[in-house]
Amino acid sequence: MDWLETLVVVVHVVIAVALVGLVLIQQGKGADAGAAFGGGASQTVFGSQGSGSFLTRMTTLLAIVFFVTSFSLAVFAKQRAEVAGQAGIPVVQESSKTPADTSAAEDGAAAPSETGNGEPELPELE
């Protein structure tokens, strides 16, 4: 199972880099205005109809694979969290008390950093 997770992570990273590259290669909607002034005549690498349909299909395919790998990585993480919970690893629980409050409650006295009204003593700012 560990090798499958590694494979999915590698595919996920490669797809992410390829997706960024494909998005950067594509022309925006405003690129048609530049073609009116002679800027688009030299960009015929993908044929006379342009690169729209090929790059759009490839971007869609890579985006679908990216979402599938993202979802599968989330499932892997959930499974690892469940295994860690069953193995007896302690779970950290948040409490509203600070460590000073808990020591004061155990000793029955006020914490040394607090004044009589319960506010902490802070140094004066100049």
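Modeller: Let's start with a term: a salt bridge is a side-chain nitrogen of Lys or Arg within 4 Å of a carboxyl oxygen of Asp or Glu. Keep in mind that what you see is a predicted model. By that rule, Arg80 and Glu5 form a salt bridge, because their closest N and O atoms are 3.1 Å apart, and the cut-off is 4 Å. Glu5 counts as buried, because its relative accessibility is 19% and buried means under 20%.

Asp2 has a relative accessibility of 52%, so Asp2 counts as exposed.

Trp3, Leu4, Leu7 and Val11 form a nonpolar patch on the surface, and together they have about 390 Å² of accessible area. Take Leu7 from that group: it belongs to helix α1, and at 45% relative accessibility Leu7 counts as partly exposed.

What about nonpolar residues on the inside? In soluble globular proteins, nonpolar side chains tend to be buried together. In this model, the largest nonpolar core has five residues in all: Ile15, Leu19, Leu22, Leu55 and Leu62. Helices α1 and α3 each supply at least two residues of this core, and α1 gives the most, with three. Leaving aside residues up to four places away in sequence, Leu62 touches Ile15, Ala18, Leu19 and Leu22.

There is also a ring pair to look at. A pair of aromatic rings is described by the distance of the centres and the angle of the planes. The count comes to one aromatic pair. Its rings belong to Phe66 and Phe67, with centres 6.3 Å apart and planes at 65°, so the pair is edge-to-face. Phe66 is partly exposed, with a relative accessible area of 23%, whereas Phe67 counts as exposed at 58% relative accessibility.

Finally, zoom out to the whole protein. The secondary structure comes to four helices and zero strands, and along the sequence the pattern reads α-α-α-α. Of the 126 residues in the protein, 11% are buried. Among contacts with a separation of 6 or more, 71% are between residues 24 or more positions apart. The accessible surface comes to about 10,400 Å², and 64% of that surface belongs to carbon and sulfur atoms.

Terms used: Residues are numbered from 1 along each chain as its sequence is written. This is a predicted model: local features need pLDDT of at least 70, side-chain atom pairs count only at pLDDT 80 or more; totals for chains, interfaces and linings use all residues. Side-chain values use heavy atoms; hydrogens and water are left out. Buried means under 20% relative accessible area, exposed over 50%, partly exposed in between (1.4 Å probe, protein chains only). A nonpolar core is a set of buried Ala, Val, Leu, Ile, Met, Phe, Trp, Tyr and Cys residues joined through side-chain atoms within 4.5 Å. Contact means heavy atoms within 4.5 Å. Patches are made of residues with over 30% relative accessible area and no salt bridge: like charges are joined within 9 Å, nonpolar side chains (Val, Leu, Ile, Met, Phe, Trp, Tyr) within 5 Å. Accessible areas come from the Shrake-Rupley method with a 1.4 Å probe; for residues, only the protein chains shown count as cover. Rings of Phe, Tyr and Trp (its six-membered ring) pair if their centres lie within 6.5 Å; planes under 30 degrees apart count as stacked, over 60 as edge-to-face and the rest as tilted.
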